[in-house]
Amino acid sequence: MVGVSDGQTSGQAPTAAGRAVDRPLLSLALATMMDEIHAHSGAVYLLAPDQPVLEMAVMAGMPRAFAAPWERVGLSAPIPVAEAVRERRLVWVGGEEEMARLYPRIALVLRYPFALAALPVATATDAYGAVFVTWPGSHPPVLSDWEREHLTSACDRLAVRLERAAAESRPVLPEPDLLATPPVGGVAGTLGSVEAARMVARLPYGLASLALHGRVSFVNAAAADLLGLPTGELLGIRLWASVPWLNDPMYEDRYRAALISQHVTSFVALRPPGDWLSFRMYPNTTGLSVRISRARAVADMARVRPEPGEGPSSLMTISQVLSLAGALTEAVGVQDVVQLVADEIVPAVGSRALVILGSRSGRLHVLGHRGYPDPHVVERLHAVPLTAQTPGTRVLSTGVPAFFDSQQQLERLYPVRHAADGFAAWAYLPLIASGRPVGTCVLAYAEPHPFPAAERAVLTSLGGLIAQALERAQLYDAKHRLAHGLQQALLPHSLPRLRGIDAAARYLPATQGMDIGGDFYDLVPTEPTAAAVIGDVQGHNVTAAGLMGQIRTAVRAYTTVGQAPQEVMRSTNRLLIDLGVELFASCLYLRLDPARGVAVMSRAGHPPPLLRRPDGRVRVLDLAGGPLLGIDASATYPTTQVDLAPGSVLVLYTDGLIESPGVDIEDALAELGQQLIEAGDVPLGELADCLVRHSAAAGERIDDVAVLLLRARGDG
C-alpha cells in the first residue's frame with residue numbers, strides 16, 4: 001500500500017495561471033508504475049521552467065534524503081535521469097558493478113546492490129522531465145521486455161497528461177512524497193494484538209520496527225533496556241540522530257544499505273562504557289525490523305567513539321560532498337571546473353548563477369561565470385584592484401567566507417562597490433588550496449536566502465573542494481600553454497611557396513598526455529627541386545617533441561647540402577642512434593621535381609602515402625623502405641620514383657589519422673581513400689580540414705595527427 005510521507009513535498013511551484021491539476025497526477029502515475037513492475041522505489045523529475053535543470057517533484061518508496069545529491073541536477077550531468085532526457089531513451093543500470101563503471105559518482109555515494117531504470121517523460125516534440133525506478137539487488141541484470149514495455153508506456157501516458165495540462169494552463173501543484181505503510185491487519189491481526197505484544201515482551205533480545213524514514217514505530221522492553229532509553233522516548237525518533245553513541249554516519253549507512261538493496265545488513269556498536277551491541281536489520285518495502293542483542297566484546301576493535309550531538313545526521317551532507325567531489329575530480333582545465341560547478345553544485349544548493357574569481361597582478365580576474373543574463377555585470381568585476389572594498393576582494397584577501405541573505409544587507413556593508421546584478425542573495429566562498437587563496441566562488445540566488453549555520457558549513461566545505469580542483473586546473477592550463485608554445489615553435493610557422501607545387505598542412509595533438517607530441521612535417525625549397533618530409537617520433541611528451549625538433553633540423557640540413565633521399569634517411573638514422581635517446585621514429589621523405597613531373601620517395605617504417613590522380617582515382621603507394629629510424633645503424637632506405645602529373649594530389653600523414661582501437665588498417669586506408677574521392681577537386685586547405693575532421697570529432701585521440709598535402713600545378 002502507498003501512503004503519504006511525513007511532510008516532504010516537491011519544490012515545484014505553479015508555472016502558469018489557471019485551474020490546477022485536481023488530483024495527484026505525478027504521485028498516482030509513479031505509484032501505478034512501480035506497482036506494475038514491482039519496483040521498490042522511484043522518483044519523478046520535472047524540467048525547471050527557466051533553466052536546463054531537472055527538479056525532483058515526487059519520490060516514492062524511499063526517503064528523499066537518500067537522493068539528496070540529485071534533487072536538482074543539470075541536464076548535462078552524467079547521471080541516468082539527465083542522460084535519459086538528453087538522449088530521449090531508456091537508461092538501464094543492471095547492478096552495482098555496472099553503476100560503478102557507467103556512473104562512478106553515484107556509485108561513490110550509493111555503494112549498494114540495486115538495479116535502476118531511467119526514462120524520459122516526453123512527447124514527440126517536448127520533454128517534460130524524467131522518471132527513475134529501482135529494484136533490489138536480486139533483480140536480474142537484464143531488464144525484461146515486459147518491464148521495458150510497461151515503463152515506456154507509463155512514461156508516455158504521463159507525458160501526454162503533462163502536455164494536456166500545459167496546453168490548458170493547469171499547473172502541476174506540489175505533491176507529497178510517497179512512502180509505503182504497513183498493510184492493515186497483518187501479523188498482529190492474526191495472532192491478536194495483546195498476545196503478540198506478550199510474545200515480543202518475553203523475547204530475551206531487543207526488537208524494534210523502523211519506518212522507511214528511519215523513525216522508531218515499535219520497540220520492546222528489552223530493546224529499550226539495551227539502548228538505555230525509556231520506550232516512550234524512543235518512539236518516533238531516528239536512532240542515529242537521538243542516541244548519542246549511535247550518532248555515526250556508518251550506522252545510518254547500514255540502514256540505507258538495507259532499504260536500497262533489500263538485503264539483511266548488520267553492524268556492531270559500542271554503548272559506553274564497554275558494552276558491545278549487535279544490530280541486525282531485516283528490510284522489506286514497508287520498513288525494517290531490527291534485532292538488538294549483546295555482542296562479545298572484541299578487545300582489538302579500537303573504534304573511535306563518536307561525539308555526542310543533537311540534530312539530524314550528517315550522512316546526507318556527506319553524500320552530497322562525495323558526489324560533488326567525484327564530479328570535480330573529472331575537471332581538467334579551469335573552464336571544466338567552472339562548468340562542473342555550474343552543472344553539479346549550483347543546482348544542488350539552489351542557486352541560479354555563479355562567478356569564479358582569481359587574481360592576477362594585484363587585480364581580480366574573472367575565470368568564468370554562468371547563469372547571468374547580462375554578462376556585462378560580471379565583466380565589471382574584472383581587473384578590480386585587490387585593495388578595493390568589495391566582497392569579492394575581501395573574501396579573496398582574508399580567506400573568510402561572506403554570506404548576504406538580501407540585497408539590503410549587501411548594500412549596507414558595501415554601499416559603494418555593489419552593483420545590482422539581478423539577484424537577491426549571495427554566498428562568497430574563499431577557494432583556499434595548499435594554504436593559499438586561489439580564488440573566490442560567488443553563488444547568486446534569485447530570492448532572499450537565509451544561510452543557517454549548517455548550510456554555511458556545507459558551502460564552505462564545497463569551497464575547499466572547488467579550490468583543490470581549481471588549483472589542479474590552473475596547473476594543467478599552465479602546462480598546456482607551455483606545451484602548445486613549444487609545439488608551435490618546433491613546427492613550421494608557415495609553409496614556403498614552391499615552384500609548381502601547392503601545399504597545405506594540419507596538425508592535431510593527442511588529447512591524452514600534455515597536448516604535445518612527436519609528429520612533424522616540413523617543406524624545404526632546393527631550387528629547382530624541393531623536399532618534403534613527414535614523421536612521427538615515439539610518444540607524445542616533451543622528450544618526443546624535443547627529439548622531433550632535432551630530426552626536423554637534421555633532415556633540413558642534410559637536404560640543404562645536397563644529399564640524395566636515401567642518404568638523407570641514412571644520415572638521420574645514424575644521428576638518432578648516436579643521440580642515444582632510446583626513442584624510435586617513422587619518416588617519409590620526398591624529393592619533388594615538378595618540372596619532370598616525378599617524386600622520389602624513401603620510407604622508414606611510415607604509413608604509405610595516398611595519390612589521387614587528376615581523373616579522381618585514388619591508390620595507396622606501395623613504396624620500398626627500411627626499418628624505423630633509431631634501430632639499426634647499418635639500415636638502408638631504398639627509393640621509389642612516382643609519377644606526379646599536373647593535378648595529382650599526394651596525401652602524407654602520420655598513423656594517428658588512420659589508427660583507432662578495433663579498426664583494421666586496411667579498412668582505415670580504404671575509408672581515407674573514399675574521403676579523397678568524395679571530396680573532389682577542392683582547395684587543399686578545405687581538403688586537409690575534411691581529412692582531419694574525423695579525428696577531431698573523435699574527441700579522445702590517443703595519438704597525434706599530422707597531414708601534409710601536395711598538389712602538382714604543372715607550371716614548374
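This note walks through a predicted protein model in numbered points, from the whole chain down to single residues.

1. **How to read the model.** Residues are numbered from 1 along each chain as its sequence is written, and side-chain values use heavy atoms, with hydrogens and water left out. As this is a predicted model, local features need pLDDT of at least 70 and side-chain atom pairs count only at pLDDT 80 or more, while totals for chains, interfaces and linings use all residues.

2. **The whole chain.** Let's begin with the overview. The protein chain holds 21 helices and 29 strands; helices (H or I, at least four residues) and strands (E, at least two) are DSSP runs, numbered from the N terminus. Of its 716 residues, 50% count as buried, where buried means under 20% relative accessible area, exposed over 50%, and partly exposed in between (1.4 Å probe, protein chains only). The accessible surface comes to about 32400 Å², and carbon and sulfur atoms account for 55% of that. These areas come from the Shrake-Rupley method with a 1.4 Å probe; for residues, only the protein chains shown count as cover. Take the contacts (heavy atoms within 4.5 Å) between residues at least 6 apart in sequence: 64% of them join residues at least 24 apart.

3. **Helix α1.** Find residues 25-37, the 13 residues of helix α1. From first C-alpha to last, α1 reaches 19 Å, close to the 18 Å expected at 1.5 Å a residue; the expected span is 1.5 Å times one less than the number of residues. The buried residues of α1 include Leu26, Leu30, Met33 and Ile37. Just after α1, His38 takes a positive phi of about 60 degrees.

4. **A five-stranded sheet.** In which order do the 5 strands of the open sheet come? The order is β15-β14-β18-β17-β16, with antiparallel pairing. The edge strands, β15 (363-370) and β16 (402-404), each pair on one side only. On average, neighbouring strands of this sheet are turned by 20 degrees against each other, direction ignored. Two strands pair if DSSP finds at least two bridges between them.

5. **Strand β18 and its partners.** On one side, β14 (residues 353-360) pairs with β18 (residues 436-445) in the antiparallel sense over 5 bridges. In this pairing Leu357 stands opposite Thr440, and Leu354 stands opposite Leu443. β17 is joined to β18 by 9 bridges, again antiparallel, and here Ala427 stands opposite Leu443. β17 and β18 form a hairpin with 2 residues between them, and Ser434 in the turn has a positive phi of about 55 degrees. Because 8 of the 10 residues of β18 are buried, this strand is largely enclosed by the rest of the structure.

6. **Helices across the sheet.** Helix α13 (residues 334-349) lies across β14, β15 and β18, at about 60 degrees to β15. Helix α15 (residues 391-398) lies across β14, β15, β16, β17 and β18, running at about 145 degrees to β18. Axes are lines fitted to C-alpha atoms, for helices over the stretch in contact, and angles run from 0 to 180 degrees between N-to-C directions.

7. A polar atom of the Thr265 side chain lies 3.1 Å from the backbone oxygen of Arg254. Thr654, in the loop between β28 (649-653) and α20 (665-679), is buried at 0% relative accessibility. The side chains of Thr654 and Asp519 are joined by a polar contact of 2.7 Å. A polar contact is a pair of N or O atoms within 3.5 Å; within protein, one must be able to donate a hydrogen and the other to accept it, and residues adjacent in sequence count only if both atoms are side-chain atoms.

8. **Backbone details.** Most residues other than glycine have a negative phi, and most peptide bonds are trans. Pro273 is found in the loop between β11 and β12 (275-284). Ala383, which is not a glycine, has a positive phi of about 70 degrees and counts as partly exposed at 35% relative accessibility.
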